[in-house]
Amino acid sequence: SIQTWYLPDYDNEQTMLKAFADYMKKEQFDLWLSWNVGFDWLYTYNRYAVLFGTDFAEYISPIGQKRSARLQGGKTYYPAGMSVCDYLLWYKKVFDNLANYDLDTVFEHEFGEGKVHEIEDFDVVNEELKLHNIEDVERLVQIEKNHKLIDHYDEIRRYAKIEFEDI
């Protein structure tokens, strides 16, 4: 099953974000991988700073440190000991023939159909939005199972002796 952090399941945003950060810290992942990671990472990183007054990257780092990184033309920080990568960019490097790379187009290309749970207004937090996000994760997992891009880029990374972010 997919672990979710859905605002209505928590008393407030701060409690939810703390639960997410605690989960990331406990699991000590090697890789944070998102579709369009610039949005996910920067939003989470900045909200954590606003709500807690501390550094998200340091908090979830397996060694309690952060490292400088470039993202969307600006400077940010990633957790030391964890790579933060964009699955969208990885996918585009391998499949460069799509008109655009929004998830609906990619899902149509991969599965012959777009999203089941369409969202018109992302400002409305409801069960449909939760299902929409779960659908995105499940389909991205299926894309990974079909194409094994993590293994592909891991092989390149190891051969070239570079970090995932340098690919």
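**Note on the predicted model: charges, fold and salt bridges**

1. The protein chain carries 18 positive and 32 negative side chains, and the centres of these two sets are 9 Å apart. Lys and Arg are counted as positive, Asp and Glu as negative, while His and the chain ends are left out. Each charge is placed at NZ of Lys, CZ of Arg, CG of Asp or CD of Glu.

2. On the basis of the note: this is a predicted model, in which local features need pLDDT of at least 70 and side-chain atom pairs count only at pLDDT 80 or more, whereas totals for chains, interfaces and linings use all residues. Residues are numbered from 1 along each chain as its sequence is written, and side-chain values use heavy atoms, with hydrogens and water left out.

3. The protein chain contains seven helices and four strands. Read from the N terminus, the order is α-β-α-α-β-β-β-α-α-α-α. Helices (H or I, at least four residues) and strands (E, at least two) are DSSP runs, numbered from the N terminus.

4. On overall dimensions, the C-alpha trace spans about 45 × 45 × 30 Å along its principal axes. The radius of gyration of the protein chain is 17 Å, which agrees with the value near 15 Å that a compact globule of 167 residues would have. That radius is taken over C-alpha atoms, and the globule rule is 2.2 Å times the number of residues to the power 0.38.

5. Of the 167 residues in the protein chain, 37% are buried. Buried means under 20% relative accessible area, exposed over 50%, and partly exposed in between (1.4 Å probe, protein chains only). The chain exposes about 10,000 Å², with carbon and sulfur atoms supplying 49% of that area. Accessible areas come from the Shrake-Rupley method with a 1.4 Å probe; for residues, only the protein chains shown count as cover.

6. Among contacts in the protein chain with a separation of 6 or more, 54% are between residues 24 or more positions apart. A contact means heavy atoms within 4.5 Å.

7. The count of salt bridges is ten, each being a side-chain nitrogen of Lys or Arg within 4 Å of a carboxyl oxygen of Asp or Glu. One of them joins R67 to E165, with the closest N and O atoms 2.6 Å apart. This pair links distant parts of the chain: R67 lies in strand β2 (residues 66–71) and E165 in the segment after α7 (149–160), 98 residues apart. R67 is partly exposed because its relative accessibility is 26%, and E165 is also partly exposed, at 24%.

8. Two other bridges lie within helices. K18 pairs with D22, the closest N and O atoms being 2.7 Å apart; both residues are in helix α1 (residues 13–27), four residues apart, or about one turn of the helix. K18 is partly exposed at 29% relative accessibility, and D22 is partly exposed at 31%. In helix α7, R157 and D154 are three residues apart, again about one turn, and their side chains meet at 2.5 Å, N to O. D154 has a relative accessible area of 16% and therefore counts as buried.

9. E113, E135 and R139 are linked in a network of salt bridges.

10. S34 is found in strand β1 (residues 31–34). With 10% relative accessibility, S34 counts as buried. Apart from neighbours within four places in sequence, S34 is in contact with D40, C85, D86, Y87 and L88.
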